[in-house]
Amino acid sequence: MISREQALQFADEWVAAWNAHDLDAVLEHYTEDFEMSSPFILQMGISPDGRLKGKENVRNYWEKALVKYPDLHFELHEVLSCMNTVIIYYTSVKGKKAAEFFVFDEDRNIFLAMGHYN
């Protein structure tokens, strides 16, 4: 179970790591075989179904995304939590509003993430 305090701490760490463009710090929150989906994965031509599995595949995608968006900066607005899930609502690239949905395992590592954008 993820407590409210743990969810807030995770969100602060996640946003700070992204704003520092520190992929190692971002990825330390995830399991080795986590799966993520995002319309950006599809738009960038990384995967035809918008999904990736595994840290190395996602790292490669995120490295390309940081090249494409070198001024990437997130602004955290809200953190929602429930049992083993967290949703972070923030301003993302190009001023888009985003809600990232995370599912945590029993060790509090993310095994599933889904990005939603306006």
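Predicted model: local features only at pLDDT ≥ 70, side-chain atom pairs only at ≥ 80, totals over all residues.
Next, display the largest nonpolar core, which has 37 residues. Phe102 is among the members that touch the most others, together with Trp14, Trp18, Tyr30 and Trp62. At least two residues of this core come from each of H1, H2, E1, H3, H4, strand E4 (85-91), strand E5 (97-104) and strand E6 (110-117). H1 gives the largest share, seven residues.

Proceed to helix H4 by selecting residues 55-68. Its 14 residues reach 20 Å from the first C-alpha to the last, close to the 20 Å expected at 1.5 Å a residue. Colour Lys55, Val58, Arg59, Tyr61, Trp62, Ala65 and Leu66, which are buried. They lie on the same side of H4 because they cover an arc of only 165 degrees around the axis. Turn to the other side of H4 to find Glu56 and Val67, which are exposed. To see what the buried residues of H4 pack against, show helix H1 (4-19), helix H2 (23-27), strand E1 (30-37), helix H3 (39-43) and strand E2 (51-53).

Finally, select alanine 113, in strand E6. Alanine 113 counts as buried because its relative accessibility is 1%, under the 20% cut-off. Not counting residues up to four places away in sequence, alanine 113 touches Tyr30, Glu35, Met36, Ser37, Glu100, Phe101 and Phe102. A C-alpha to C-alpha distance drawn from alanine 113 to methionine 44 gives 18 Å, for two residues 69 apart in sequence.

Terms used: Residues numbered from 1 in each chain as written. Heavy atoms only, no water. Helix = DSSP H or I, 4+ residues; strand = E, 2+ residues; numbered from the N terminus. Expected span 1.5 Å × (residues − 1). Buried < 20%, exposed > 50% of the residue type's maximum accessible area, 1.4 Å probe, protein only. Arc of directions from axis to C-beta. Contact = heavy atoms within 4.5 Å. Core = buried A, V, L, I, M, F, W, Y, C linked by side-chain atoms within 4.5 Å.
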